[in-house]
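Please read them with the structure open.

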Amino acid sequence: MTDFSYKPTLTGELVVLRPLGEQDFPMMKAAMDDPEVAKLTGSHGTISDEKALEWLRTRKDQPDRLDLAIVDKASGEAVGEVVLNEYDPDNRSCNFRILIGPAGRNRGLGTEATRLIVGYGIERLGLHRISLGVYAFNPRAQRAYEKAGFVVEGRLRDELYWDGEWVDSIVMSVLETEWPVSSPM
Ligand SMILES: CC(C)(COP(=O)(O)OP(=O)(O)OC[C@H]1O[C@@H](n2cnc3c(N)ncnc32)[C@H](O)[C@@H]1OP(=O)(O)O)[C@@H](O)C(=O)NCCC(=O)NCCS
């Protein structure tokens, strides 16, 4: 079985996932500066360029998580990131998250990137469960996750306070016993 210290390159029809690094700073900065990304990821604060660079520089050295850049095969450009984190070795579980900047959205890239990293997590890293949280005001993300095989398992009430309103977070997961899921509906 592979472990998290090995950082793979995963190739699909629309995207290539490859290790995230310092070269992704301009793309990640542009994505994080996008107000839609800030809202949909519930990011209240900002981080300095120095901290962001240090974060990117150290992703390849992490022994317990996987951070991959999403490269749009049509343009050859990185458009976002996809992550398995919060690894729990005793229970063989991880959290999943994804972020795509404006240039990459609504073309199926997010769905394919999700399927690729979830498949790697289950088939190569031996994960039993991968879960995520998605805010109730983000039906596009919920749809992409459903197409990739995640199912809704619950709701965390009022988890986010955004623009004067409380927003629920929907918990979704996929289990190794359900994988691989059939092709998108
Ligand atoms: C969420 C995200 C990863 C999805 O990736 P994507 O490449 O844009 O999505 P896809 O094109 O693969 O799939 C989107 C699906 O949602 C559907 N959709 C789009 N807007 C929708 C809406 N308002 N309501 C319901 N469905 C919607 C699309 O039609 C498509 O489904 P279909 O293929 O059945 O037609 C990406 O948009 C993103 O990163 N957004 C900004 C940050 C974010 O939301 N991160 C996730 C936080 S949990």
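Predicted model: local features only at pLDDT ≥ 70, side-chain atom pairs only at ≥ 80, totals over all residues.

1. An oxygen atom of the ligand lies 2.7 Å from a polar backbone atom of G110. From K147, a polar side-chain atom comes to 2.6 Å from an oxygen atom of the ligand. A polar contact here is a pair of N or O atoms within 3.5 Å.

2. On its own the ligand exposes 960 Å², and the protein buries 73% of that (Shrake-Rupley areas, 1.4 Å probe).

3. The shell elements that give two or more residues are β5 (93–100), α4 (109–123), β6 (129–135) and α5 (139–148). With seven residues, α5 gives the most. Helices are DSSP runs of H or I with at least four residues, strands runs of E with at least two.

4. In total, 21 residues surround the ligand, the closest being I100, G108, G110, T111 and K147; a residue counts if one of its heavy atoms lies within 4 Å. The shell comprises ten nonpolar, six polar and five charged residues, with Gly classed as polar and Asp, Glu, Lys and Arg as charged.

5. α4 and α5 pack at about 45°, their axes 9 Å apart.

6. Residues are numbered from 1 along each chain as its sequence is written, and side-chain values use heavy atoms, without hydrogens or water.

Terms used: Polar contact = N/O pair within 3.5 Å; in protein donor to acceptor, adjacent residues only side chain to side chain. Axes fitted to C-alpha atoms, helices over the stretch in contact; angles between N-to-C directions.
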